[in-house]
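Welcome, and please take a moment to look over the sequence and the structure shown here.

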Amino acid sequence: MSAAVAVAKEKLENPPLDLHYLGDKVLRQKAKRIAKVDDSIRVLAKEMLQTMYSSYGIGLAAPQVGINKRLIVVDTDPENPENEAYVLINPEIKKFGKDMCGFEEGCLSIPGVNFEVLRPDEIEVSYRDELGKPKRIKASGLLSRVIQHEIDHLNGVMFVDRVDNQIALDEELKEHGFSSKSVKKV
Ligand code: ZN
């Protein structure tokens, strides 16, 4: 990641952006492609990173802060200052691996709710970085998981839409103050 969007990995008392939560319509829209990677996009990426670190997250998509753009940020090891964060602009999954893998997911937009979700283990994803450079990476494990979860957000999909155990999910959502009517099975 370039200096253009580098931020300290710290918890701010007043993060720059407000999170939006399950039930909010902005989370259900298909986000728009970013035509030009300029300073306004870099400022947004920076503020998203600061907001993500402040909330103990490992990924954040622009719709989660109420912005309808195809931009996600990811840092799978936020406690480690050496681990680089990713800024992915207009990310697109070009290839899915054959092996599926289950892992417990959570979401900053559905605090307190965690469920296992099945996803392909490996992906190849193309995107533009914060300088507008085209990139393509192979990812597996946690990085692949987070990128898939965040790209879902850009398409209006929440991880709870992918949970099979409807009864347990309904209970868990209720317990944390969310309505199961906000779930849209995929
Ligand atoms: Zn999420």
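## Before you start

This is a predicted model, in which local features need pLDDT of at least 70 and side-chain atom pairs count only at pLDDT 80 or more, while totals for chains, interfaces and linings use all residues. Residues are numbered from 1 along each chain as its sequence is written, and side-chain values use heavy atoms, with hydrogens and water left out.

Helices (H or I, at least four residues) and strands (E, at least two) are DSSP runs, numbered from the N terminus.

## The sheet and its helices

Let us begin with the sheet. Five strands form an open sheet in the order S1-S2-S3-S6-S7, with antiparallel pairing; two strands pair if DSSP finds at least two bridges between them. At the edges are S1 and strand S7 (134-139), each of which pairs on one side only. On average, neighbouring strands of this sheet are turned by 40° against each other, direction ignored. S1 and strand S2 (residues 71-74) are joined in the antiparallel sense over 3 bridges, and glycine 59 stands opposite valine 74 in S2.

Helix H1 packs on the sheet, where it touches S1, S2 and S3, and its direction makes about 40° with that of S2. Helix H2 lies across S1, S2, S3, strand S6 (123-128) and S7, and runs at about 155° to S2. Contact means heavy atoms within 4.5 Å. Axes are lines fitted to C-alpha atoms, for helices over the stretch in contact, and angles run from 0 to 180 degrees between N-to-C directions.

## The zinc site

Which protein donors does the zinc ion have? They are Cys107 (SG), His149 (NE2) and His153 (NE2), lying 2.1 to 2.3 Å from the ion. Donors are N, O and S atoms within 2.8 Å of the metal (3.2 Å for Na, K and Ca); water is not among the atoms, so sites may look incomplete.

Along the chain, the donors follow the spacing C-x41-H-x3-H. Cysteine 107 lies in the loop between strand S4 (100-105) and strand S5 (115-120) and histidine 149 in helix H2 (residues 141-154), so the pair ties together parts that are 42 residues apart in sequence. Cysteine 107 is buried at 10% relative accessibility, and histidine 149 is buried at 8%. Buried means under 20% relative accessible area, exposed over 50%, partly exposed in between (1.4 Å probe, protein chains only).

## Two positive phi angles

Most residues other than glycine have a negative phi. Tyrosine 56, though not a glycine, has a positive phi of about 60°. Tyrosine 56 sits in the loop between helix H1 (39-54) and strand S1 (59-61) and is exposed, with a relative accessible area of 62%.

Asparagine 90 also has a positive phi, near 50°. Asparagine 90 is placed in strand S3 (residues 86-96) and counts as buried at 7% relative accessibility.
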